[in-house]
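Here is a short tour of one protein, meant to be read with the model open beside you.

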Amino acid sequence: PRDATGARHPIRPMPGMELVVSTDRLVANVHFLTDADPAALGWKALAVNLSDLAAMGAEPRWALLAIALPESKERWIEPFAEGFFSCAGAFGVDLVGGDTTRGPLAIAPTVIGEVPIGSAITRAGAKPGDDVWVSGTPGLAALALAASRGETNLAGATRARCHAALERPQPRVALGLALRGLAHAMIDVSDGLIADLGHIADRSEIAIELADDLLPMHILEAATGEPGLARRCLLAGGDDYELAFTSAADQRERVATVGARLDIALTRIGQARCGPAGELRVVDRHGESLPVAGRGYEHFAEE
């Protein structure tokens, strides 16, 4: 970053800490529509990156912003900046640099945080016997998207809640920090619960079983009256940026205490098991596999 004289200074972690870095690009007509509210887009562009830091148990510190714009329009840039800096202020992040260029609309923040040396939570630490947990209600953002496509109708407070999840996600930074030393592996739910837990299963070289009767579907089912759509949104929707993590089964009470202290619903939804690395199943109460409609967002899926 620069000081008031314009001189550059290196970014350094606090004593006993190390840096973690993440970047997540948003591209027009891939991750958002070109007529999206620019203020909400500014918030979301930073929030989805801060979610990656939350999933590592990191404290956000700095951000850089590279953005390509088809044209310079103050009426778009001003609310976008307002949304971006609103998110930065909410999570104590300083914007320390970036780049602007002409081109198809694309937004690429890079975020930098810090963790105590050796304590970053990765996707690779899950162990057989671990509980699998998820925060909040995955599927709300996907439900808002389904409603915008005419697949369902949402009304009142439920509609507002779903659209808030889609347009202004809340990165679970405080939860990530509270789970240091408690979560063995963690990821944020961006591509869908099944897809993202599959990354943990793959990197940890374990299998994961989700118990269908433990999944937090009641809010989604009540909103739509369509159990099939609710289940698809929860398991394969993504874009909620909730945290999915594993922890030792004998730590359930501690996990529940964390959720209560932060007023965040934490739901135990399954278990890590010995098995083929990367395998993920949804099972009924008898342990029989259930079919799953969709596996989540795939970045390079064929049209």
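## A charged pair to start with

Find D212 and R231: their side chains meet in a salt bridge, with N and O 3.0 Å apart. (A salt bridge here is a side-chain nitrogen of Lys or Arg within 4 Å of a carboxyl oxygen of Asp or Glu.) This pair links distant parts of the chain, since D212 sits in the loop between β8 and α7, R231 sits in helix α8, and the two are 19 residues apart. The helix and strand labels are DSSP runs numbered from the N terminus, where a helix (H or I) needs at least four residues and a strand (E) at least two.

R231 may carry a charge, but it counts as buried because its relative accessible area is 19%. The cut-offs are these: buried is under 20% relative accessible area, exposed is over 50%, and partly exposed is in between, with a 1.4 Å probe and protein chains only.

## Where the model comes from

Everything here is read from a predicted model, in which local features need pLDDT of at least 70, side-chain atom pairs count only at pLDDT 80 or more, and totals for chains, interfaces and linings use all residues. Residues are numbered from 1 along each chain as its sequence is written, and side-chain values use heavy atoms, leaving out hydrogens and water.

## Helix α8 and its surroundings

Now look at the helix that holds R231. Helix α8 covers residues 227-236, and seven of its ten residues are buried. Those buried residues are L229, A230, R231, C233, L234, L235 and A236. What do they pack against? The partners are α3 (140-148), α6 (193-204), β8 (207-211), α7 (218-224) and β11 (280-283), judged by contact, which means heavy atoms within 4.5 Å.

After α8 comes G238, with a positive phi near 75°. Further on, Y241 is found in the loop between α8 and β9 (243-247). Y241 also has a positive phi, near 60°, though it is a residue other than glycine. Is Y241 buried or exposed? Its relative accessibility is 8%, so Y241 counts as buried.

E205 is another non-glycine residue with a positive phi, this time about 55°. You'll find E205 in the loop between α6 and β8. E205 counts as exposed because its relative accessibility is 62%.

## V282, a meeting point

V282 lies in strand β11 and is buried, with a relative accessible area of 2%. Which residues does V282 touch, leaving aside its neighbours within four places in sequence? The list is I194, L210, D212, R231, L235, E288, S289, L290 and V292. V282 and D212 are 70 residues apart along the chain, yet their C-alpha atoms are separated by 6.1 Å.

## More salt bridges

How many salt bridges does the structure hold? There are nine. One of them joins E209 and R281, whose closest N and O atoms are 2.4 Å apart. E209 is buried, at 18% relative accessible area, whereas R281 counts as partly exposed at 24%. R273 joins E209 and R281 in a network of salt bridges.

R61 and E114 form another salt bridge, at 2.8 Å from N to O. R61 lies in strand β3 (residues 59-69) and E114 in strand β5 (residues 106-116), so the pair ties together parts that are 53 residues apart in sequence. R61 counts as partly exposed at 22% relative accessibility, while E114 counts as buried at 5%.

## The whole protein

Time to zoom out. The protein has nine helices and eleven strands, and its C-alpha trace spans about 65 × 50 × 40 Å along the principal axes. A compact globule of 303 residues would have a radius of gyration near 19 Å, and the protein has 20 Å, which agrees. (That radius is taken over C-alpha atoms, and the globule rule is 2.2 Å times the number of residues to the power 0.38.)

Buried residues make up 48% of the 303 residues. Among contacts with a separation of 6 or more, 86% come from residues 24 or more positions apart.
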